[in-house]
Amino acid sequence: MKRSLFGRIWPNATAVVLFVGFVFPVYWMFATAFKPTGDIIADNPVWLPTNVTLGHFKKAVDADHFWTLVGNSVTVTVCSVLCSLLIALFAAFALARMRFRGRRGLVVTFMLAQMAPWEVMIIAIYMIVRDNDMLDSLVPLTVFYTMMVLPLTILTLRGYIAAVPKELEESAMVDGCTRMQAFRKVIFPLLAPGLMATSLFGFITAWNEFPLVLILNKDIEKQTLPLWLSQFQTAFGDDWGATMAASSLFALPILLLFIFLQRKAVSGLTDGAVKG
């Protein structure tokens, strides 16, 4: 009885400890953003803000180039996610439905590409962009962000397409659909969880990426929010309230997106990993 009780308690206790460890820094960031400066620098920490202020957020949004960089981040992120999904749909369909020489090796190559750290190529990437006179541009960022998320996107969608019975597709073609129409009407509607999972992964990757934009884009007008955030404290000195407000604004889109999509995103990644 005692062993059984202990077996039920320790997994839950471990989960609670891990939950607090992961959530507390996020809570502290948002709480600090709403605290007055006096509470932030007080000797005794104020765990729960009582005198809420929005002044730190006003400083963040009124900072130079803030809205320009928001537009840059949104443009690069959305374009890279859409491009990766478009390319991955056709590549995953070919890997799942067609038989050709080297197909298995191509799948292994995508797996290795996903595991390999892309930072080892950053010098080569810089030289390619520089030689093509494309420094301080959003186009290289979009292209390379697409390349970063493409292997996992292809592998995940391949699993979903392979899980769809071929008979459904063949029945649609017997009824008069072309191969593309059968894909659009039969297979594509069943890919929603996989599309959500890969879209979330691509969004997080592109939204948070820092080293590449640091190397390629020196013009402040062509940078993105992660680089602006790294320089934010310097612009405001030791204004920790404004720094935490800026960090909260930067993290908010990802938190909201994950809250709305987390159930389908998790099932999408696991189902796509084991099917096919």
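This is a predicted model: local features need pLDDT of at least 70, side-chain atom pairs count only at pLDDT 80 or more; totals for chains, interfaces and linings use all residues.
Q: How close do the axes of helix α8 and helix α9 come, and at what angle do they cross?

A: To describe a helix pair, start with the distance and the angle between the axes. Here α8 covers residues 166-174 and α9 covers residues 179-187. Their axes come within 9 Å and cross at roughly 125 degrees. That angle makes α8 oblique to α9, because angles from 65 to 115 degrees count as roughly perpendicular and those over 145 as roughly antiparallel.

Q: What is the handedness of the crossing, and which residues make the contact?

A: α8 passes α9 in a right-handed crossing. From α8, the contact uses Leu168, Glu169, Ala172 and Met173. From α9, it uses Arg179, Ala182, Val186 and Ile187. By class, this contact has 6 nonpolar and 2 charged residues, with no polar ones.

Q: How is the pair α5 and α7 arranged?

A: α5 and α7 pack at about 130 degrees, with their axes 8 Å apart. The angle makes α5 oblique to α7. Their crossing is left-handed. On the α5 side are Arg103, Val107, Phe110, Met111, Ala113 and Gln114. They meet Met148, Pro151, Leu152, Ile154, Leu155 and Arg158 in α7. Sorted by class, the contact has 9 nonpolar residues, 1 polar and 2 charged.

Q: At what angle do helix α4 and α7 pack, and how far apart are their axes?

A: Helix α4, residues 66-97, packs against α7 at an angle of about 35 degrees, and the axes are 6 Å apart. The crossing of α4 and α7 is right-handed. Its contact residues divide into 21 nonpolar, 6 polar and 2 charged.

Q: What is the volume of the largest pocket, and how many residues line it?

A: For a pocket, give the volume, then the lining. The largest pocket has a volume of about 390 Å³. Its lining has 15 residues, and those nearest its centre are Ala113, Trp118, Met121, Met147 and Met148.

Q: Which helices supply the lining of the largest pocket, and what classes of residue does it hold?

A: α5 (103-115), α7 (138-163) and α10 (192-208) each supply at least two residues. The largest share, 5 residues, comes from α7. By class, the lining has 13 nonpolar residues, 2 polar and no charged.

Terms used:
Residues are numbered from 1 along each chain as its sequence is written. Side-chain values use heavy atoms; hydrogens and water are left out. Axes are lines fitted to C-alpha atoms, for helices over the stretch in contact, and angles run from 0 to 180 degrees between N-to-C directions. Helices (H or I, at least four residues) and strands (E, at least two) are DSSP runs, numbered from the N terminus. Angles under 35 degrees count as roughly parallel, over 145 as roughly antiparallel, 65 to 115 as roughly perpendicular and the rest as oblique. A crossing is left-handed if the near helix is turned anticlockwise from the far one by less than a right angle, and right-handed if clockwise. Contact means heavy atoms within 4.5 Å. Ala, Val, Leu, Ile, Met, Phe, Trp, Tyr, Cys and Pro count as nonpolar, Asp, Glu, Lys and Arg as charged, and the others, Gly among them, as polar. On a 1 Å grid over the protein atoms alone, a cavity is a set of points where a 1.4 Å probe fits but cannot get out, and a pocket is an open set with protein on both sides within 12 Å along at least five of seven lines; lining residues have an atom within 4 Å of a point. Grid points are joined across faces, edges and corners, and a volume is the space filled by probe spheres set on the points.
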